[in-house]
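Hello,

Here is the structure I promised to pass on, with the sequence alongside. Could you open it first and then read my notes below?

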Amino acid sequence: MKNALSIFVLLTLLACGQSDDDGGTDDDMPVQSGLIENQVIDIAGTDREYHLFVPSNPTNAPVVLLFHGNGGSHDNLIGLTNASSPYKVWLDIAQDENIILAIPNGTLGSGNSRGWNDCRSDAPTNPDIEDVLFVSTLIDSIVDRYNANAAKVFVLGTSNGGHLCIRLAEEIPDKLTAFGAIVASNSVNSQCAGSNVPVSALFIHGTSDPVLPYEGGMISSERGQVFSAEETVHHWVNRNETETMPELISIPDIDLTDGSTIEKRIFRNGRDNTEVVFYKVIDGGHTEPSIEERYSNFFLAIVGNQNADVEMANEVWSFFETKSKQ
């Protein structure tokens, strides 16, 4: 009976210490580590969902936020549905490199597809919701709760999630150290408030993308017009005032069966030590390169070739980890 009472008291204390806002515990309780699923934060009266990975020592840890594409979810992005996803690799990186990961969930738009309110004013099916406020509040919450490193906050997304990252770099650049946008480009008809604040940027785009054209134009299903990948990179090179002649990096073609190769360009020495990096995936489709996480042939028949010469998560973290706010 005494042991049973002790267990009851312990469980009661643990339950009382949980927080619905950030997945943490009260100040007098140990900080929970590992993947903490289904967290909720109130944004202007609306509950917004996210998963959170907290390393064993979150104090002064970098923060990386990951954003799924339109029609996806935070569950799919990190493999909780057993679906293949190159973003799953981020969980291993976060464990090894002591990173706090936040994986927010989008909301349903008018097309009944889950996504983000990005810069495209001509994408009517995107949700009409305060996603920038959501992300900004979530960053503040994580930094405050875990004493994370506010000088090392990064965002990364694919497609619609990548477009949101571009919007965040336009509208809350002071909170970001760098961003990554995969198969996403600047919007022609942008509703973003522009900024001149330098933010390091990384882009990955396939030249044979059947969804978001590499050469620019209308996204499939009439979901807005975008500038070309090259024009987008040029914009961020100009904004960050980097060198205009890039360093060219040769990426070995280690997988001869993936139907694609990569050219990497690095634009160095921007304002406040910023850089712009561009991975041009020749004959690549609307997807992230990955060696470990390969999409099904059925999916690739829709989105095009998936490059297998680099691991997207490793490449992006190698870029992020060298960056810090001045």
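Let me start with a pair from the inside: R48 and D131 are both buried, where buried means under 20% relative accessible area, exposed over 50%, and partly exposed in between (1.4 Å probe, protein chains only). Their side chains meet in a salt bridge, with 3.0 Å from N to O; the term stands for a side-chain nitrogen of Lys or Arg within 4 Å of a carboxyl oxygen of Asp or Glu. R48 sits in strand β2 (residues 46–54) and D131 in helix α4, so this bridge ties together parts that are 83 residues apart in sequence. Helices (H or I, at least four residues) and strands (E, at least two) are DSSP runs, numbered from the N terminus.

Before going further, some words on what you are looking at. This is a predicted model, so I kept local features to pLDDT of at least 70 and counted side-chain atom pairs only at pLDDT 80 or more, while totals for chains, interfaces and linings use all residues. Residues are numbered from 1 along each chain as its sequence is written, and side-chain values use heavy atoms, with hydrogens and water left out.

How confident is the predictor? The protein chain averages a pLDDT of 91, and 91% of the residues score at least 70; pLDDT is the predictor's confidence in each residue, from 0 to 100. The stretch to treat with care is residues 1–28, where pLDDT stays under 50. For these residues the model has 31 contacts beyond four places in sequence, a contact being heavy atoms within 4.5 Å. Where pLDDT is low, the predicted coordinates should not be read in detail.

Back to the charged pairs. The whole structure holds 11 salt bridges. Another of them joins E293 and K88, whose closest N and O atoms are 3.6 Å apart. E293 is in the loop between β14 (276–282) and α7 (297–303), and K88 in the loop between α2 (74–77) and α3 (89–97), so the two tie together parts that are 205 residues apart in sequence. Here E293 counts as buried, at 14% relative accessibility, whereas K88 is partly exposed at 27%.

E247 and R268 also meet through their side chains in a salt bridge, at 2.5 Å from N to O. This pair links distant parts of the chain, with E247 in strand β12 (residues 247–250) and R268 in the loop between β13 (261–267) and β14, 21 residues apart. E247 is partly exposed with a relative accessible area of 34%, and R268 is partly exposed with 29%. A network of salt bridges links E247, R268, E275 and K323.

Now the cysteines. How many disulfides are there? The count comes to one, taking a disulfide as a pair of cysteine sulfur atoms within 2.5 Å. C119 and C192 form it, with their sulfur atoms 1.4 Å apart. The torsion about their S-S bond is about -75 degrees, so the disulfide is left-handed. C119 lies in the loop between β6 (114–115) and α4 (131–146) and C192 in the loop between β8 (178–182) and β9 (200–206), so the pair ties together parts that are 73 residues apart in sequence. C119 is buried at 5% relative accessible area, and C192 is buried at 16%. C165, by contrast, is in no disulfide, and the nearest cysteine sulfur, that of C119, is 11 Å away. C165 is buried too, at 0% relative accessibility.

The largest nonpolar core has 45 residues, of which L65, F67, L168, F179 and F203 touch the most other members. Such a core is a set of buried Ala, Val, Leu, Ile, Met, Phe, Trp, Tyr and Cys residues joined through side-chain atoms within 4.5 Å. Its largest share, eight residues, comes from α4. Leaving out residues up to four places away in sequence, L168 touches F67, V132, V135, V155, P173 and L176. Apart from this core lies another, of 34 residues, including A94, V183, V316 and F320.

N307, in the loop between α7 and α8 (312–320), is buried at 2% relative accessibility. R271, in the loop between β13 and β14, is partly exposed at 30% relative accessible area. The C-alpha atoms of R271 and E241 are separated by 5.9 Å, although the two are 30 residues apart along the chain.

Best wishes
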